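Please view the sequence and the structure below before reading on.

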Amino acid sequence: MPVTPSPSPPGTPSSAGELLDAILAQKSELFRGSREILRDSYVPARLPHREQQIRAVAEVLAAALRGTVPSNLLIYGKIGTGKTAVVAQVRQDIQRRADAAESLTFISVNCGNMDTAYSLLQTIGNTFAKSEADRIPTGWSLDRVQSAMARLLDAKGGIVVLVLDEIDRLVARSGDNVLYTLSQLNTQLDTARLAIVGISNDLKFTNHLDARVRSRLNEEKILFPPYDAVQLQDILRDRAREAFKEGVTDPGVIERCAAYAALENGDARRALALLRLAAEMAERDHAKRITPDHVVKAKNRLEQDIIVDCCRTLPPHCKVLLYAILQSYERRRNGVLTGEVYDGYRRLAERLGLQPLHARSISNYVSELESLGLIRATIVSRGRGGRTREIIVDVPISETMPALEEDPLLAPVGRPKPRGQMLLTNFDNPGRTGPF
Ligand SMILES: Nc1ncnc2c1ncn2[C@@H]1O[C@H](COP(=O)(O)OP(=O)(O)OP(=O)(O)O)[C@@H](O)[C@H]1O
Ligand SMILES: [Mg+2]
């Protein structure tokens with residue numbers, strides 16, 4: 001006999017789709033409108049405390065509006081200091097000057113997303129392709145891509161401003177040959193002229209460049225200093241005014257977000273993330289206002305997320321080492337000596353079918369994990385046995401182990417999570433959850 005579902009009270013969503021619609025339609029007590037305003041991708045109309053940098057970037061690029069090629073420009077500054085946002089804003093302002101649009105093309109590439117020099121040149125060239133037949137396909141030689149790209153630029157002509165965001169990652173990945181090619185492209189072009197704007201948060205990245213490339217790219221240089229706590233407060237107040245309903249942030253909320261982020265290198269991205277998460281924490285508590293306590297919760301949560309993300313990106317042997325350390329630490333709930341760590345690592349590596357690295361490399365990885373703040377190693381004296389290092393884990397084991405187990409390399413040692421079985425807290429070992 002078919003089972004008839006019991007009737008729902010009127011107005012109750014009856015399908016997952018309707019439930020989602022109902023959630024989306026719920027009016028937020030805190031947010032005025034879109035939450036996107038607190039996200040990284042949102043470019044605010046005003047960028048407080050970057051007036052000087054905006055003027056400096058605009059002065060260099062304004063040459064394009066006068067029909068002359070701007071100098072190449074390098075922009076440096078630590079993370080979250082507004083480099084990308086400032087360049088995006090100046091770009092918008094220049095492009096709004098309509099008569100420039102025809103003879104001026106901006107191309108912005110995030111080099112963090114480019115695997116190879118090939119894909120960079122292909123992306124630049126294809127910006128100008130008018131038809132499918134014009135496009136540069138994959139599989140050509142690098143020389144051929146380079147000349148096809150130059151032809152496409154010349155076919156359009158005019159001034160091309162190429163913004164290479166995270167340029168240091170391009171150099172780290174594929175060397176400086178491609179920058180050599182691009183920085184001397186004007187000698188090969190007939191009707192087009194190229195200016196390069198490089199953005200980097202590695203202040204020393206030009207040290208690794210060929211001297212000719214360095215001097216060509218460095219025609220103009222602008223440094224973005226980190227924000228201090230007071231400047232971060234101004235940035236947050238602007239955004240909070242746009243994002244939240246009036247009066248929902250308690251006194252101390254903005255100040256606390258700014259103070260935490262100022263300690264973290266004056267990173268505006270971090271300050272905004274804290275404010276966004278604090279609002280989400282408040283919503284989860286069904287609170288009508290965001291309080292300083294929500295900021296503290298947000299900070300703890302953000303730190304955990306950062307730690308777990310950081311563990312995910314470690315090189316394979318370093319992951320195995322960290323996993324072995326976590327296993328020993330979980331068993332002992334106490335400091336682990338380096339000798340035990342190395343034995344644990346070797347056993348685990350062999351179980352996973354890996355050739356264990358030598359003690360020297362492992363010792364380097366221990367230092368790396370320490371500098372990332374994932375573990376702490378202190379020297380302990382063992383009487384006549386000499387001195388050794390004792391390792392203490394500084395990450396939440398219950399979240400870090402599953403994050404490491406996501407790597408197929410470590411999946412075989414991860415605790416199985418049978419389908420349909422509930423994850424229960426292990427009360428003998430509260431740091432860990434898993435099926436028992
Ligand atoms: N002066 C400012 N006013 C308002 N928002 C800002 C300001 N500076 C930065 N932001 C915001 O902070 C976030 C980070 O800024 P941005 O992406 O420009 O930093 P960045 O210097 O490019 O960092 P990274 O080196 O990590 O790429 C963005 O959401 C941006 O809108
Ligand atoms: Mg950036």
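## The ligand shell

Of the 22 residues around ligand 1, those that come nearest are Pro48, Lys83, Thr84, Tyr227 and Arg239; a residue is near a molecule if one of its heavy atoms lies within 4 Å of it. This is a predicted model, in which local features need pLDDT of at least 70 and side-chain atom pairs count only at pLDDT 80 or more, whereas totals for chains, interfaces and linings use all residues. Residues are numbered from 1 along each chain as its sequence is written, chains are lettered from A and ligands numbered from 1 in the order in which they are written, and side-chain values use heavy atoms, with hydrogens and water left out.

The shell around ligand 1 divides into 10 nonpolar, 5 polar and 7 charged residues. Here Ala, Val, Leu, Ile, Met, Phe, Trp, Tyr, Cys and Pro count as nonpolar, Asp, Glu, Lys and Arg as charged, and the others, Gly among them, as polar.

## Pocket and polar contacts

Ligand 1 sits in the largest pocket. A pocket is defined on a 1 Å grid over the protein atoms alone, as an open set of points where a 1.4 Å probe fits, with protein on both sides within 12 Å along at least five of seven lines; a molecule sits in a pocket if more than half of its atoms lie within 2 Å of its grid points. The elements that give two or more residues to the shell around ligand 1 are α3 (83-96), α9 (229-243) and α11 (268-284). Helices are DSSP runs (H or I, at least four residues), as are strands (E, at least two), numbered from the N terminus.

A polar side-chain atom of Asp40 lies 3.1 Å from an oxygen atom of ligand 1. Backbone N or O atoms also approach ligand oxygen atoms, at 3.1 Å for Thr81 and at 3.1 Å for Gly82. Taken alone, ligand 1 exposes 630 Å², of which the protein buries 95%; accessible areas come from the Shrake-Rupley method with a 1.4 Å probe.

## Residues with positive phi

His49 has a positive phi of about 65 degrees although it is not a glycine. His49 is placed in the loop between α1 (16-25) and α2 (51-61), and at 28% relative accessibility it counts as partly exposed. The classes are buried under 20% relative accessible area, exposed over 50%, and partly exposed in between (1.4 Å probe, protein chains only).

His286 is also a residue other than glycine with a positive phi, near 55 degrees. The loop between α11 and α12 (292-312) holds His286, which is exposed, with a relative accessible area of 72%.

## Serines in helices

Ser371 lies in helix α15 (residues 359-371) and is exposed at a relative accessible area of 62%. The side chain of Ser371 reaches the backbone oxygen of Glu368 at 2.9 Å.

In helix α8 (residues 211-217) lies Ser215, whose side chain reaches the backbone oxygen of Arg212 at 3.3 Å. Ser215 and Ser183 are 32 residues apart in sequence and 9.9 Å apart in space, C-alpha to C-alpha.

## Further positions

Phe205 is found in the loop between β4 (192-200) and α8. With a relative accessible area of 2%, Phe205 is buried. Its C-alpha atom is 8.8 Å in space from that of Ala172, 33 residues apart in sequence.

Arg301 belongs to helix α12 and is partly exposed, with a relative accessible area of 33%. The C-alpha atoms of Arg301 and Ala278 are separated by 9.7 Å, with the two residues 23 apart along the chain.

Methods. A polar contact is a pair of N or O atoms within 3.5 Å; within protein, one must be able to donate a hydrogen and the other to accept it, and residues adjacent in sequence count only if both atoms are side-chain atoms. On a 1 Å grid over the protein atoms alone, a cavity is a set of points where a 1.4 Å probe fits but cannot get out, and a pocket is an open set with protein on both sides within 12 Å along at least five of seven lines; lining residues have an atom within 4 Å of a point.
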